[in-house]
Amino acid sequence: MIRLFTTILVLVLLIPCAQAQDVHFSQFANSTLLINPATAGVYHGKERVTLNYKSQWSSLGSPYTTYAASFERPFFRKRNSTNAHIGAGLHAYQDQAGDANFGTSQINLSLSGILPMNDVSTLSIGLQGGAAQKSADLANLTWGNQFDGEGFDPDLPSFEIDNLSSSWYVDFGAGVFYEYIATDDHILGRDYLQFNIGLAYHHVNKPTLEFAVGEDKLIEKYVGHIHMRRDIPDTYWSVLPSIIHIQQGPHRETYVGSLLRYRFKYGTKYTGMITESALSFGVSYRFEDALIPQVYYEVSSYKIGISYDFTVSPLTETAGFAAGGFEISFVWANMYRALDNKKPKGGGGA
């Protein structure tokens, strides 16, 4: 009965799922190119590599898994200058859901125009373009004509298509991003007040998804996000509140949360030979859906994040409170040092 219900559900949702929400990670700060193309290259460094993995709802059967990777860097940023320059980022992900492995494979190129307005403010505008395909492997499903009167016999022919894929389609998006960074030097090191806000518009061209059994449109998605870092003076502590809202057609998600960050040591403010090491921990709340505790550890040029989505929606009645998603991220960033000959005068946050 469970497999029959699963089969019916997959058939009902297979094509309309194009109008569900896109894939996304709970660790938004570590998946910026997926949120807003205007963030490409907007950071105080050279190259940056990010890896993401999420496994969701494994307690209900076959988990929903998402893999993502990105590479980005700024270009034409001049030495000791607040000159306008560009940023570029390449981002790819693959998402698979349920027994049918229904999901999306997509690769995007993001380009941003970055304008340092002064020593503390930066404005960027970004465009994103890419190619994607949605697909499903139906070989693991059972069908009505495989029912022999007592149960399902997988050896009976289903007379159904084993694999179902859409044709490749192009997808475009755009965004705008503003960042403010002020620093305060003192005997221990350097404190930061950092604030950024962004807006993004995805699926601008409303791409058509063409399947063997029909077609549908991918509807637009709007994203708004705010992040802040406030270092508490004369302490090793920082507060990092954030909020993000996503809307795609009738589907909405809003996250609010905050982290506490403890610096084990300050980075050296003059030589740049020693970088900060820190531990951050906190919780986010996805309205009417999940509590998301998360922990991040930073050392040298590396950052690793771990989180878990604890479901608090009515789904807990059947799946339990622990139903949700495990997520891990890894970031490597080749940051500017104080003695680096290519260090800019301002703009671009850590």
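This report covers the cavities, nonpolar cores and selected residues of a predicted model.

Residues are numbered from 1 along each chain as its sequence is written, and side-chain values use heavy atoms, with hydrogens and water left out. Because the model is predicted, local features need pLDDT of at least 70 and side-chain atom pairs count only at pLDDT 80 or more, while totals for chains, interfaces and linings use all residues.

## Overall make-up

The protein has three helices and 17 strands; helices (H or I, at least four residues) and strands (E, at least two) are DSSP runs, numbered from the N terminus. Of its 350 residues, 45% count as buried. Here buried means under 20% relative accessible area, exposed over 50%, and partly exposed in between (1.4 Å probe, protein chains only). Among contacts between residues at least 6 apart in sequence, 59% join residues at least 24 apart, a contact being heavy atoms within 4.5 Å.

## Cavities

Rolling a probe the size of a water molecule over the atoms shows where empty space is left. A cavity is a set of points, on a 1 Å grid over the protein atoms alone, where a 1.4 Å probe fits but cannot get out, and lining residues have an atom within 4 Å of a point. Grid points are joined across faces, edges and corners, and a volume is the space filled by probe spheres set on the points.

The search of the whole structure finds two cavities of 30 Å³ or more. The largest cavity has a volume of about 60 Å³. Its lining consists of Val23, His24, Phe25, Phe28, Ser31, Leu34, Ile35, Lys221, Val223, Ile244 and Ile246. At least two lining residues come from each of helix 2 (32-35), strand 11 (221-231) and strand 12 (237-248). By class, the lining has eight nonpolar, two polar and one charged residues; Ala, Val, Leu, Ile, Met, Phe, Trp, Tyr, Cys and Pro count as nonpolar, Asp, Glu, Lys and Arg as charged, and the others, Gly among them, as polar.

## Nonpolar cores

In soluble globular proteins, nonpolar side chains tend to be buried together. A nonpolar core is a set of buried Ala, Val, Leu, Ile, Met, Phe, Trp, Tyr and Cys residues joined through side-chain atoms within 4.5 Å. The largest one has nine residues in all: Phe28, Ile35, Ala200, Val223, Ile244, Ile246, Tyr255, Ala290 and Ile292. Strand 12 and strand 15 (290-299) are the elements that give two or more residues to this core. A second, separate core of five residues includes Val23, Phe25, Leu34 and Tyr93.

Phe28 belongs to the largest core and also lines the largest cavity. Leaving aside neighbours within four places in sequence, Phe28 is in contact with Ile35, Ile244, Ile246 and Tyr255.

## Selected strand residues

Gln247 lies in strand 12 and counts as partly exposed, at 25% relative accessibility. Not counting residues up to four places away in sequence, Gln247 touches Glu220, Lys221, Tyr222 and Arg252. The side chains of Gln247 and Arg252 make a polar contact (3.4 Å). A polar contact is a pair of N or O atoms within 3.5 Å; within protein, one must be able to donate a hydrogen and the other to accept it, and residues adjacent in sequence count only if both atoms are side-chain atoms.

Lys134, in strand 5 (residues 121-137), is buried, with a relative accessible area of 9%. The side chain of Lys134 makes a polar contact with that of Thr104 (2.7 Å).

Pro116 lies in strand 4 (residues 102-116) and counts as buried at 7% relative accessibility. With residues up to four places away in sequence not counted, Pro116 touches Thr82, Asn83, Ala84, His85, Ser121 and Thr122.

Asn334 is in strand 17 (residues 324-335) and is partly exposed at 25% relative accessibility.

| Pair | Apart in sequence | C-alpha to C-alpha |
|---|---|---|
| Gln247 and Val223 | 24 residues | 6.6 Å |
| Asn334 and Arg48 | 286 residues | 6.2 Å |
| Pro116 and Glu179 | 63 residues | 9.3 Å |

## Positive phi in loops

Lys206 has phi near 45°, a positive value in a residue other than glycine. Lys206 lies in the loop between strand 8 (190-202) and strand 9 (208-211) and is partly exposed at 39% relative accessibility. Asp234, in the loop between strand 11 and strand 12, has a positive phi near 65°. Asp234 is exposed, with a relative accessible area of 68%.

Conventions. On a 1 Å grid over the protein atoms alone, a cavity is a set of points where a 1.4 Å probe fits but cannot get out, and a pocket is an open set with protein on both sides within 12 Å along at least five of seven lines; lining residues have an atom within 4 Å of a point.
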